[in-house]
Amino acid sequence: MGHRYFTLKDDESQLQCTLFTHEPVGAEFGDGSQVVVGGAVDLYAPKGQLQLRVKALEVLGQGELYRRYMELK
């Protein structure tokens with residue numbers, strides 16, 4: 001699998017994230033996962049965008065925001 005690009009969201013904000021293939025993660029995650037991440041803020045110069053370069057990721061389960069979204073659906 002290659003690099004992963006994803007967005008962390010809560011009720012009020014979002015943060016673009018990058019997870020490179022050489023960084024180990026403990027579990028598979030996807031849309032709606034509640035996670036705890038560690039990493040470093042990085043600048044993606046071509047877009048002038050701050051992002052989080054993820055170095056550690058722990059999956060806690062399904063996120064509350066995603067659960068509410070699925071209820072509305």
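The charged end of Arg4 sits over the ring of Phe29, 4.0 Å from the ring centre. That contact comes from a predicted model.

**Exercise 1. The ring of Phe29**

Task: Find the ring that pairs with Phe29, and classify the pair.

Solution: 
- Step 1. Count the aromatic pairs. There are two.
- Step 2. Take the pair with Phe29. Its partner is Phe6, and the ring centres are 5.1 Å apart.
- Step 3. Check the distance. Centres must lie within 6.5 Å. The value of 5.1 Å passes.
- Step 4. Check the planes. They stand at 70°, so the pair is edge-to-face.
- Step 5. Place the residues. Phe6 lies in strand 1, and Phe29 lies in the loop between strand 2 and strand 3. The pair therefore ties together parts that are 23 residues apart in sequence.
- Step 6. Judge the cover. Buried means under 20% relative accessible area. Phe6 has 14%, so Phe6 is buried. Phe29 has 11%, so Phe29 is buried.

**Exercise 2. Strand partners**

Task: Work out which strands pair with strand 4, and in which direction they run.

Solution: 
- Step 1. Start with strand 2. Two bridges join strand 2 to strand 4, and these strands run parallel. Cys17 has Leu52 as its bridge partner in strand 4. Thr18 stands opposite Arg53 in strand 4.
- Step 2. Go on to strand 3. Twelve bridges join strand 3 to strand 4, and these strands run antiparallel. One partner pair is Gln34 with Gly61.
- Step 3. Find the turn. Strand 3 and strand 4 form a hairpin with four residues between them. Gly48 in the turn has a positive phi of about 60°.
- Step 4. Six bridges join strand 1 to strand 2, antiparallel. Tyr5 stands opposite Thr18 in strand 2. Strand 1 and strand 2 also form a hairpin.

**Exercise 3. Salt bridges**

Task: Say how many salt bridges the structure holds, and trace some of them.

Solution: 
- Step 1. Count them. The structure holds five.
- Step 2. Take Asp11 and Arg68. Their side chains meet at 2.6 Å, N to O. Asp11 is in the loop between strand 1 and strand 2, while Arg68 is in helix 1, 57 residues apart.
- Step 3. Take Arg53 and Asp42. The closest N and O atoms are 3.0 Å apart. Arg53 is in strand 4 and Asp42 in strand 3.
- Step 4. Take Glu71 and Arg67. The closest N and O atoms are 2.2 Å apart. The two residues are four apart in helix 1, so about one helical turn separates them.
- Step 5. Widen the view. Glu64, Arg67 and Glu71 are linked in a network of salt bridges.

**Exercise 4. A surface patch**

Task: Name the residues of the nonpolar patch on the surface, then classify Val41.

Solution: 
- Step 1. List the residues. They are Val41, Leu43 and Leu50, with about 320 Å² of accessible area together.
- Step 2. Classify Val41. Its relative accessibility is 64%, so Val41 counts as exposed.

Notes: Residues are numbered from 1 along each chain as its sequence is written. This is a predicted model: local features need pLDDT of at least 70, side-chain atom pairs count only at pLDDT 80 or more; totals for chains, interfaces and linings use all residues. Side-chain values use heavy atoms; hydrogens and water are left out. Patches are made of residues with over 30% relative accessible area and no salt bridge: like charges are joined within 9 Å, nonpolar side chains (Val, Leu, Ile, Met, Phe, Trp, Tyr) within 5 Å. Accessible areas come from the Shrake-Rupley method with a 1.4 Å probe; for residues, only the protein chains shown count as cover. A salt bridge is a side-chain nitrogen of Lys or Arg within 4 Å of a carboxyl oxygen of Asp or Glu. Buried means under 20% relative accessible area, exposed over 50%, partly exposed in between (1.4 Å probe, protein chains only). Rings of Phe, Tyr and Trp (its six-membered ring) pair if their centres lie within 6.5 Å; planes under 30 degrees apart count as stacked, over 60 as edge-to-face and the rest as tilted. A charge sits over a ring if NZ of Lys or CZ of Arg is within 6 Å of the ring centre and within 35 degrees of the ring normal. Two strands pair if DSSP finds at least two bridges between them.
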